Amino acid sequence: MSNSVHGHDVMALMVAQGAAIIKPELLCLMGQKFGFAARYHTCSAADLSAEALIQLLIGKGKFHETPQGIELAAGRKCDH
């Protein structure tokens, strides 16, 4: 069975990062932390690649893209 990591864990990784990070570096950091073969899930989606999770979190307004890279949107968290 593959390792499935919740999006909350990736959001916590971004909090620990403390600054914007470009997507290739975020993908590498996720791979180093959770394993390069890890799959990801959220409260509303499952079996996501790292890239798909990032796009989902951007689409939900939890991450946003800036000229400096991807940032965790201020005050964005799940309601549970």
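Modeller: Let's start with K23. K23 has a relative accessible area of 22%, so it counts as partly exposed. Keep in mind that this is a predicted model. The cut-off matters here, because buried means under 20% and exposed means over 50%, with partly exposed in between.

Now look for the partner of K23. The side chains of K23 and E51 meet in a salt bridge, at 3.1 Å from N to O. K23 sits in helix 2 and E51 in helix 3, so this pair ties together parts that are 28 residues apart in sequence. Side chains of opposite charge can pair when their charged atoms come close.

Turn to the other end of the bridge. E51 belongs to helix 3. With a relative accessible area of 36%, E51 is partly exposed too. From C-alpha to C-alpha, E51 and K23 are 8.6 Å apart in space. Their side chains are also joined by a polar contact of 3.1 Å. Set aside the neighbours of E51 within four places in sequence, and E51 is in contact with K23 and L27.

Step back to the whole chain for a moment. The chain has 3 helices and 4 strands. Read from the N terminus, the order of elements is β-α-α-β-α-β-β. Take the contacts between residues at least 6 apart in sequence: 53% of them join residues at least 24 apart. Of the 80 residues in the chain, 35% are buried.

Where do nonpolar residues gather? The largest nonpolar core has 19 residues. Among these, L26, M30, F34, Y40 and F63 touch the most other members. Helix 1 (7-17), helix 2 (23-34) and helix 3 (50-59) each supply at least two residues of this core. Helix 3 gives the most, with 5 residues. As a general point, nonpolar side chains tend to be buried together in soluble globular proteins.

A search of the whole structure finds 1 aromatic pair. F34 and Y40 form it, edge-to-face, with 6.2 Å between the centres and 85° between the planes. Why edge-to-face? An angle of over 60 degrees between the planes counts as edge-to-face, so the label follows from the angle. How accessible are the two residues? F34 is buried, because its relative accessibility is 15%. Y40 is buried as well, at 1% relative accessibility.

F63 was also on that core list. F63 stands opposite L72 in strand 4. Strand 3 (residues 63-66) and strand 4 (residues 69-72) pair in the antiparallel sense, over 4 bridges. A hairpin of 2 residues joins strand 3 to strand 4.

Back to charged pairs. The search of the whole structure finds 2 salt bridges. We have looked at K23 and E51. In the other, R39 pairs with D47, and the closest N and O atoms are 3.0 Å apart. R39 is partly exposed, because its relative accessible area is 27%. D47 is exposed, with a relative accessible area of 55%.

D47 has something else to show. D47 lies in the loop between strand 2 (39-41) and helix 3. The phi of D47 is near 55°, which is a positive value in a residue other than glycine. Most residues other than glycine have a negative phi.

One last stop is H6. The place of H6 is in strand 1 (residues 4-6). H6 has a relative accessible area of 19%, so it counts as buried. A polar atom of the H6 side chain lies 2.9 Å from the backbone nitrogen of H8. Leave out residues up to four places away in sequence, and H6 touches H41, T42 and C43.

Methods:
Residues are numbered from 1 along each chain as its sequence is written. This is a predicted model: local features need pLDDT of at least 70, side-chain atom pairs count only at pLDDT 80 or more; totals for chains, interfaces and linings use all residues. Side-chain values use heavy atoms; hydrogens and water are left out. Rings of Phe, Tyr and Trp (its six-membered ring) pair if their centres lie within 6.5 Å; planes under 30 degrees apart count as stacked, over 60 as edge-to-face and the rest as tilted. Buried means under 20% relative accessible area, exposed over 50%, partly exposed in between (1.4 Å probe, protein chains only). Two strands pair if DSSP finds at least two bridges between them. A nonpolar core is a set of buried Ala, Val, Leu, Ile, Met, Phe, Trp, Tyr and Cys residues joined through side-chain atoms within 4.5 Å. A salt bridge is a side-chain nitrogen of Lys or Arg within 4 Å of a carboxyl oxygen of Asp or Glu. A polar contact is a pair of N or O atoms within 3.5 Å; within protein, one must be able to donate a hydrogen and the other to accept it, and residues adjacent in sequence count only if both atoms are side-chain atoms. Contact means heavy atoms within 4.5 Å.
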